[in-house]
Amino acid sequence: MEPKETIDIRGLICPMPVIRLTQKMKGLNAGDILMVIANKDNKTDVYGWCQKNNVDFIECKEEENILKFVLKKR
């Protein structure tokens, strides 16, 4: 799955990560893939946001102290 867009939310303090995710996802079409680059402490925020916003949480990969989430807009 190749992401259509990528967003980096590292270093952002709540509620900014979810605000940025919401803004970015609004610009995507159903079926589009979004790659989210985040800190480890954003994992719960991203997962919960997906559940509340009708977004599929495809996977999460950890690479050198960062997380890369793959999300799919429904």
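Contact here means heavy atoms within 4.5 Å. With that in hand, welcome to a few close-ups of this predicted model.

**View 1. Val-36 and its contacts.** Once neighbours within four places in sequence are set aside, Val-36 is in contact with Ile-7, Ile-9, Leu-21, Leu-67, Lys-68, Phe-69 and Leu-71.

**View 2. The largest nonpolar core.** This core has 15 residues, and those touching the most other members are Leu-21, Val-36 and Leu-71. Two or more residues each come from helix H1 (16-26), strand S2 (33-38), helix H2 (43-52) and strand S4 (66-73).

View 3. Tyr-47 sits in helix H2 and Phe-57 in strand S3 (residues 55-63), so to speak a link between distant parts of the chain, 10 residues apart. Tyr-47 is partly exposed at 41% relative accessible area, and Phe-57 is partly exposed at 27%.

**View 4. Phe-57 and Phe-69, joining strands S3 and S4.** Here the ring centres are 5.7 Å apart and the planes stand at 65 degrees; planes over 60 degrees apart count as edge-to-face, so the pair of Phe-57 and Phe-69 is edge-to-face. The two residues are 12 apart in the chain. Phe-69 is buried, with a relative accessible area of 0%. Through ring pairs, Tyr-47, Phe-57 and Phe-69 form a cluster.

Technical notes: Residues numbered from 1 in each chain as written. Predicted model: local features only at pLDDT ≥ 70, side-chain atom pairs only at ≥ 80, totals over all residues. Heavy atoms only, no water. Core = buried A, V, L, I, M, F, W, Y, C linked by side-chain atoms within 4.5 Å. Buried < 20%, exposed > 50% of the residue type's maximum accessible area, 1.4 Å probe, protein only. Helix = DSSP H or I, 4+ residues; strand = E, 2+ residues; numbered from the N terminus. Phe/Tyr/Trp six-rings, centres within 6.5 Å; stacked < 30°, edge-to-face > 60°.
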